[in-house]
Amino acid sequence: MLLLVALAFSPSTTNAYDSDPLQDTCVADLTSKLSVNGYPCKTSPPSAADFVFKGLATPASTNNANGLGAVFGVVQAFPALNTLGLSIARLDFAKGGLVPPHTHPRASELFHVLEGTIYAGFITTDNKLYAATVNKGEVMAFPKGLIHFQVNAGNSTALAFASLSSQSPGFQLVASALLGSGIPDFVLSKTLFVGTNVVDKLKAPFVPKK
C-alpha cells in the first residue's frame, strides 16, 4: 500500500520544455545581470509596442553561400516572448537556397511555406529519413532536437516562416558542429572512416582562417 501511495505522488515522466508562465506578461529585461534559466521581467510596465515585432516584415539577404536569408524572432530580439515558450523565424530562399542540416535542441518546429516549393526532411534517432515536397500554403512539422533541412526545389525564390516551441530554441548546424568545433582529426578520421588528409579538406570551410 505504501508503495502504491508513493507511486501515485511520483512524477511518471520527466518533461523538458519551456516553463509555463506564472503571470500574464514578462517582457524580458535583456540588460539584467541576474542569471536565470531565461530572463527576468523588466520592472517598468510594458506597452503595446513591446508585443509587436517588425523584424519579419523585411526580406533578408540571400547573397551568401547557402542562398538563404534568415531573421529570427527569438527572445533576444523580441523580449515579449519571455516565458511564452515560442518564437518565429523568417526564411528567404534564393533559387536553390538551402538551410543545411541542423537541430533546434530546445524546440519542435512548424515550417509554413508562403511562396515557392521547398523539399524538406528530418532524421529520426534510428536514422530514418522523413522527407517531402512542401508547397505554397502547406506546413511540415519537425520534432524537437532532430536533424532537419530545407532546400528550395522550385524555379523561383521562396519564402517560409518557422514557428518554434521555445523562446530560445537554439540552432546548431551539423557540419559546423562536427568539423568546426575543434574535434581532433584522429577522432574525425575514425568517425568518418577517411584519412586525416580528407578530414583536413572537409574542415577547411568551417575553420576560421588565421
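At 38% relative accessibility, Tyr130 counts as partly exposed (buried means under 20% relative accessible area, exposed over 50%, and partly exposed in between, with a 1.4 Å probe and protein chains only). Ring pairs join Tyr130 with Phe111, Phe122 and Phe142 in a cluster. The structure is a predicted model, in which local features need pLDDT of at least 70 and side-chain atom pairs count only at pLDDT 80 or more, while totals for chains, interfaces and linings use all residues. Residues are numbered from 1 along each chain as its sequence is written, and side-chain values use heavy atoms, with hydrogens and water left out.

**Domains and annotation**

- The chain is divided into domain 1, residues 53-170, and domain 2, residues 174-209, with bounds from an automatic or database domain assignment.
- The centres of domain 1 and domain 2, taken over C-alpha atoms, are separated by 26 Å.
- According to an unreviewed UniProt entry, residues 54-200 carry the annotation "domain: Cupin type-1"; such positions are given in the numbering used here, with feature names shortened, and annotations may be inferred rather than shown by experiment.
- Within residues 54-200, 13% of the span is helix and 40% is strand, and the end C-alpha atoms of this span lie 42 Å apart.

**Open sheet**

- Five strands form an open sheet in the order E6-E5-E8-E3-E10, with antiparallel pairing; two strands pair if DSSP finds at least two bridges between them.
- Helices (H or I, at least four residues) and strands (E, at least two) are DSSP runs, numbered from the N terminus.
- E6 and strand E10 (172-173) stand at the edges with a single partner strand each, so one side of each has no neighbour in the sheet.
- Strand E3 (residues 98-103) runs antiparallel to E10, and two bridges join them.
- Thr103 has Gln172 in E10 as its bridge partner.

**Disulfide**

- A search of the whole structure finds one disulfide, defined as a pair of cysteine sulfur atoms within 2.5 Å.
- The disulfide is formed by Cys26 and Cys41, whose sulfur atoms are 1.9 Å apart.
- Both Cys26 and Cys41 lie in the loop between helix H1 (2-8) and strand E1 (68-73), so the pair ties together parts that are 15 residues apart in sequence.
- The torsion about the S-S bond of Cys26 and Cys41 is about -105°, so the disulfide is left-handed.
- Cys26 is buried, with a relative accessibility of 4%, whereas Cys41 is partly exposed at 33%.

**Salt bridges**

- Four salt bridges are present in the structure, each a side-chain nitrogen of Lys or Arg within 4 Å of a carboxyl oxygen of Asp or Glu.
- One of them joins Asp50 and Lys42, with the closest N and O atoms 3.0 Å apart; Lys42 is partly exposed, at 26% relative accessibility.
- Glu115 and Lys136 form a salt bridge through their side chains, at 3.6 Å from N to O.
- Glu115 lies in strand E4 (residues 109-115) and Lys136 in the loop between strand E6 (129-135) and strand E7 (139-142), so this pair ties together parts that are 21 residues apart in sequence.
- With 40% relative accessibility, Glu115 is partly exposed, whereas Lys136, at 54%, is exposed.
- The side chains of Asp185 and Lys203 meet in a salt bridge of 2.7 Å, N to O.
- This pair links distant parts of the chain, as Asp185 belongs to helix H3 (residues 185-192) and Lys203 to helix H4 (residues 196-203), 18 residues apart.
- Asp185 is partly exposed, with a relative accessible area of 23%, while Lys203 is buried, with 15%.

**Aromatic pairs**

- The count of aromatic pairs comes to six; rings of Phe, Tyr and Trp (its six-membered ring) pair if their centres lie within 6.5 Å, and planes under 30 degrees apart count as stacked, over 60 as edge-to-face and the rest as tilted.
- Tyr119 and Phe149 form a tilted pair, 6.0 Å from centre to centre with 45° between the planes.
- Tyr119 lies in strand E5 (residues 117-123) and Phe149 in strand E8 (residues 147-152), so the pair ties together parts that are 30 residues apart in sequence.
- Tyr119 is partly exposed at 33% relative accessibility, whereas Phe149 is buried at 16%.
- The ring centres of Phe122 and Tyr130 are 5.3 Å apart and their planes stand at 15°, so this pair is stacked.
- Phe122 is buried, with a relative accessible area of 12%.
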